[in-house]
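This report concerns domain organisation and strand pairing. Please consult the sequence and the coordinates alongside the text.

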Amino acid sequence: MTKQPERIFIKGNEAIARGALAARCKCFFGYPITPQNDIPEFMSTEIIKAGGDFVQAESEVAAANMLLGAAAAGIRSMTSSSSPGMSLKQEAISYMAGSEVPAVIVNVNRGGPGLGDIGPAQGDYYQSTRGGGHGDYRHFTLAPGNVQEAYDLTIRAFDIAFEHRTPVLILADAILGQMKEPITPWTPEKIDDEAGRDWAITGKTADREKRLIKSLFLAEGELAEQNKHLQAKYESWTKLTECEQFETEDADLIICAYGSIARIAKSTVRKFRKEGKKVGLFRPITLYPFPSAQLKALAEQDKRFLTIEHNLGQMVDDVRLAIRTVSDSDFFPIYPGNLPTPDELEEPILKCLEGK
Amino acid sequence: MSEINEKLVFDKPEIIIDRATHYCPGCHHGIAHRLVGELLDEMELGGNTLMTTSIGCSVFLYNYLNVDAVEAPHGRAPAVATGVKRARPDHFVFTYQGDGDLASIGMAEIMHAANRGEKISVVFVNNTVYGMTGGQMAPTTLIGQKTTTCPNGRCETTQGSPIRMTEIIASLGGVAYAARGSLDSVKNIRTAKKHLKKAFECQTNGTGFGFVELLSGCPTNWKMTPLQANERIQNDMIPYFPLGVFKDISEDGGIC
């Protein structure tokens with residue numbers, strides 16, 4: 001990979017859009033919703049300059065279905081939204097998972113339920129990791145923790161999508177989307193736009209059978225076979241889990257957090273470390289597949305766990321599932337609607353550390 | 001011993017796969033499929049076609065036409081086709097949708113794809129009923145028509161009036177061609193094919209969005225014989241859904 005030398009100072013949302021263009025995303029379908037508007041706004045001109053196409057769809061539903069169409073045609077494509085819009089996109093995401101088309105979807109998570117607010121939150125964790133629509137499916141979910149990572153993971157998302165023929169969700173939040181940081185943009189060396197597209201609809205030629213992108217399996221046993229096939233695919237992803245571990249080696253207490261909250265918690269961990277307190281941070285980067293093995297390895301070292309989320313307790317289920325045979329995790333909620341500071345995390349962490 | 005000289009005068013289009021369909025006796029989907037197939041052959045579009053199928057009786061269209069296809073969620077075919085066309089603008093992209101799919105759950109998608117002037121073609125089969133799910137009321141069900149969800153007949157004051165889609169579509173800026181034909185008689189079938197050809201040409205020559213509504217029979221859910229169904233199209237449907245070209249911005253066309 002060739003790193004370009006320049007540094008640019010941009011928002012997380014723009015980093016996602018620029019990352020997509022670096023990954024040669026050619027179609028973008030969007031709909032206005034705060035706090036993700038920078039992505040469609042950027043794309044409305046920049047993807048055209050890059051030789052692609054942009055549609056402001058009539059609805060979130062339509063944007064996601066346009067994505068399904070472009071992805072079925074084997075073209076690198078993307079949509080983005082925020083929480084209420086993500087509920088509407090789930091129909092098409094279920095079809096994309098069922099008919100195995102590769103696409104990238106961005107959720108800049110805001111407060112809920114309902115209309116909630118436009119501030120940061122992590123209330124969409126379940127929706128993002130359990131297959132948010134109907135039927136049994138999962139999709140890859142990546143959770144960047146800073147603006148550079150938002151850029152990097154967007155590039156990765158396209159590779160994962162096409163390698164595994166799956167929708168890939170980038171789960172950001174309003175802090176990450178709206179925060180400006182310097183990043184080093186880079187461009188992947190080589191992307192073949194047509195290689196490995198032997199499943200995509202490209203027009204039937206005389207030398208091959210017609211191709212169907214579908215998720216309807218009515219014949220006896222057919223759907224069970226498809227579900228079995230999907231399950232095997234999801235299980236194969238467990239080796240692709242990724243996480244960041246910060247000061248975990250000698251820690252007595254491990255804070256489990258992702259995204260922006262992990263970053264805030266990291267500040268608290270740093271402060272406590274200066275005071276000699278043995279606290280560490282475990283940050284899942286892949287939320288699905290969840291880095292259970294890495295977490296379990298820590299649990300086997302007789303450490304305690306505290307999960308902190310910007311919701312009422314969702315990822316803590318995955319933490320507990322990962323370590324259930326050896327340990328357990330406490331949980332501290334930051335209620336959506338509130339913006340936490342590193343200071344506010346001191347008390348709950350201290351309590352856990354002291355075993356209270 | 002007399003020698004038999006047989007001359008084949010009627011054959012299936014090459015692009016239509018040689019197999020039995022799942023359609024009920026007297027259903028007009030077979031005719032609509034054939035017209036589409038004939039045109040894809042005549043216009044030599046088969047190898048370039050990316051078809052978007054919809055939800056309803058015609059979901060299995062992809063089993064009958066030998067072209068690449070994507071299956072859209074219910075009502076979303078115009079959005080999916082938009083994505084396909086934007087991704088591969090040099091290909092021929094069409095949707096094939098029924099009245100429940102297009103005029104009810106997919107109303108937003110068809111209106112906006114048409115209004116954007118997407119370079120796609122839409123084949124809209126209107127038989128005034130949800131066929132595959134067992135004969136429920138559709139947005140095009142006629143006043144007084146009995147269905148499983150309006151067993152006493154559609155009531156205008158509580159269930160609204162049947163929607164005339166072609167007229168609505170013709171009123172939108174991005175539309176190049178909008179016409180309504182019928183599949184009840186040989187004469188009307190021939191005219192319907194001309195409508196479809198014009199709509200397809202609007203895409204191949206880049207003029208814009210083409211829309212053709214086809215009035216069709218559903219003897220099973222109308223509880224009629226195929227002949228009675230044809231008569232119903234003539235006596236009840238055509239008076240409410242008039243046939244003709246409602247918009248045509250192509251060179252030799254004109255609004256009528």
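The model is predicted. Chain A is divided into domain 1, residues 2-187, and domain 2, residues 242-353. The centres of these two domains of chain A, taken over C-alpha atoms, are separated by 26 Å. Contact between them involves 26 residues of domain 1 of chain A and 20 residues of domain 2 of chain A.

On the side of domain 1 of chain A that touches domain 2 of chain A, the following elements each give two or more residues.

| Element of chain A | Residues |
|---|---|
| helix H5 | 125-129 |
| strand E7 | 140-142 |
| strand E8 | 167-173 |
| helix H7 | 174-178 |

H5(A) supplies the largest share of that side, 4 residues. By residue class, the side of domain 1 of chain A that touches domain 2 of chain A divides into 11 nonpolar, 12 polar and 3 charged residues.

The sheet is considered next. An open sheet is formed by 8 strands with mixed pairing, in the order E11(A)-E2(B)-E1(B)-E3(B)-E4(B)-E8(B)-E7(B)-E9(B). Strand E11 (212-213) of chain A and strand E9 (244-248) of chain B stand at the edges; each has a single partner strand, so one side of each is left without a neighbour in the sheet.

Within this order, strand E1 of chain B (residues 49-53) pairs with strand E2 of chain B (residues 68-71) in the parallel sense, over 4 bridges. Thr53(B) has Glu71(B) in E2(B) as its bridge partner.

Technical notes. Residues are numbered from 1 along each chain as its sequence is written. Chains are lettered from A and ligands numbered from 1 in the order in which they are written. This is a predicted model: local features need pLDDT of at least 70, side-chain atom pairs count only at pLDDT 80 or more; totals for chains, interfaces and linings use all residues. Domain bounds come from an automatic or database domain assignment. Two residues are in contact if their C-beta atoms, placed from the backbone, lie within 7 Å. Ala, Val, Leu, Ile, Met, Phe, Trp, Tyr, Cys and Pro count as nonpolar, Asp, Glu, Lys and Arg as charged, and the others, Gly among them, as polar. Two strands pair if DSSP finds at least two bridges between them.
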